[in-house]
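Subject: Structure handover

Hello,

Here is the structure you asked about. Please open it and keep it beside this email as you read.

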Amino acid sequence: MIVAMKNDATAAEVRDVVERIASYGLNGLDLPGGERHAIGIASAIPPDLRDTLAEILAAMDGVDHVAHVSRKYKLASREFHAADTVVSVKGVSIGGHEVMVAAGPCAVESRDQLFEAARAVKSGGGRVLRGGAFKPRTSPYAFQGLGLEGLKLLKEAGESLGLVTVTELMDQHDLELVAEHADILQIGARNMQNYPLLTAVGKSGHPVLLKRGPSATIDEWLLAAEYVLAQGNPNVILCERGVHPLDREHTRYTLDLSAVPAVKLLSHLPVIVDPSHACGNWRYVSAMSKAAIAAGADGLLIEIHPDPSAALCDGVQSLRLDVFAKLMSELRAVARAVGRSMV
Ligand code: PEP
Ligand code: MN
């Protein structure tokens with residue numbers, strides 16, 4: 001941390017700042033410059049003191065501003081963990097050489113719907129079956145999901161086809177129930193900054209798929225991951241799903257594909273892409289899926305449905321099963337072209 005003093009700061013003000021830093025057991029080095037003093041904190045600042053200390057120092061007389069040298073997140077950062085993290089769930093690796101595809105319906109609607117979609121995931125070479133049982137809907141009158149019934153069907157389909165499962169956890173009180181039925185807990189975009197929920201999934205140790213909030217910066221997203229990691233749970237998979245759009249008429253969100261290489265540089269965590277929620281239109285999903293793998297994503301989360309026109313949720317953005325099958329074979333070629341593999 002660097003504390004930049006004002007041009008007209010007095011020697012007493014500089015001394016007060018150095019003493020205040022020392023009162024926290026830290027070493028503040030006075031760095032006189034041409035026009036003003038700066039004070040550098042040479043010792044490592046404990047993460048839980050960082051923000052408080054910055055605010056205290058910024059409010060002191062003679063201080064112009066406080067600048068951070070290292071990032072706020074530690075455990076999520078490559079600075080502290082250089083090697084890629086590979087999250088392994090029941091033999092499926094996310095973040096390694098292989099590109100992982102998770103697919104399934106937006107919401108579990110019925111046994112037939114889910115099993116038909118699950119068979120398409122399996123035969124297409126997908127590794128993970130998605131399906132919402134608790135749905136975060138904008139309107140309270142929209143289909144909210146089948147709840148426990150949906151969880152049971154998801155578990156049954158996953159087990160009978162040998163697929164890992166992922167479903168959204170909206171309420172920390174449902175954690176045990178959801179974790180009993182699904183392998184990966186999805187934290188939805190709307191809950192990316194639900195800190196009690198992040199802490200709860202962190203404590204649980206279960207693998208977490210953390211979606212980026214549509215208004216969240218990359219640093220905010222990585223700080224959300226830090227909440228989970230700080231509880232001792234290293235199994236975090238990040239998922240870019242589109243940010244608030246300029247043009248809602250044509251695309252539901254804007255898929256921020258540049259976030260993929262940016263996060264890969266900043267963090268060791270695996271990053272996957274959800275083109276379905278980003279585009280909001282099935283016609284764009286194949287193109288953006290291929291682009292995501294080319295951009296270095298470790299996997300995809302894709303919505304598919306046996307009959308999108310009859311879907312209770314997100315039918316417009318769901319791929320028909322034959323379209324999904326074609327996409328999977330095209331993705332294999334893209335994965336190979338960028339030095340990755342796919343089943
Ligand atoms: C979902 O994947 O089912 C979902 C609701 O996505 P998001 O949280 O990204 O809107
Ligand atoms: Mn959906």
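Below are the notes on a ligand site, a loop residue and a helix pair.

This is a predicted model: local features need pLDDT of at least 70, side-chain atom pairs count only at pLDDT 80 or more, and totals for chains, interfaces and linings use all residues. Residues are numbered from 1 along each chain as its sequence is written, chains are lettered from A and ligands numbered from 1 in the order written, and side-chain values use heavy atoms, without hydrogens and water.

**The ligand.** Residues around ligand 1 (a heavy atom within 4 Å) include Arg-130, Lys-135, Glu-168, Arg-190, Lys-211 and His-277. By class, this shell has two nonpolar, three polar and six charged residues. (Nonpolar means Ala, Val, Leu, Ile, Met, Phe, Trp, Tyr, Cys and Pro; charged means Asp, Glu, Lys and Arg; the others, Gly among them, are polar.) A polar side-chain atom of Arg-130 sits 2.8 Å from an oxygen atom of ligand 1. For Lys-135, the distance from a side-chain N or O atom to a ligand oxygen is 2.8 Å. For Lys-211, it is 2.9 Å. Alone, ligand 1 exposes 300 Å² (Shrake-Rupley method, 1.4 Å probe), and the protein buries 97% of that.

**The loop residue.** Where is Asp-314? Asp-314 lies in the loop between strand 14 (299-303) and helix 11 (321-337). Helices are DSSP runs of H or I with at least four residues, and strands are E runs of at least two, numbered from the N terminus. Beyond its neighbours within four places in sequence, Asp-314 contacts (heavy atoms within 4.5 Å) Cys-106, Arg-252, His-277 and Glu-303.

The contact between helix 3 and helix 4 involves residues including Leu-114 and Phe-115 of helix 3 and Leu-153 and Leu-154 of helix 4.

Best wishes

Note on methods:
A polar contact is a pair of N or O atoms within 3.5 Å; within protein, one must be able to donate a hydrogen and the other to accept it, and residues adjacent in sequence count only if both atoms are side-chain atoms.
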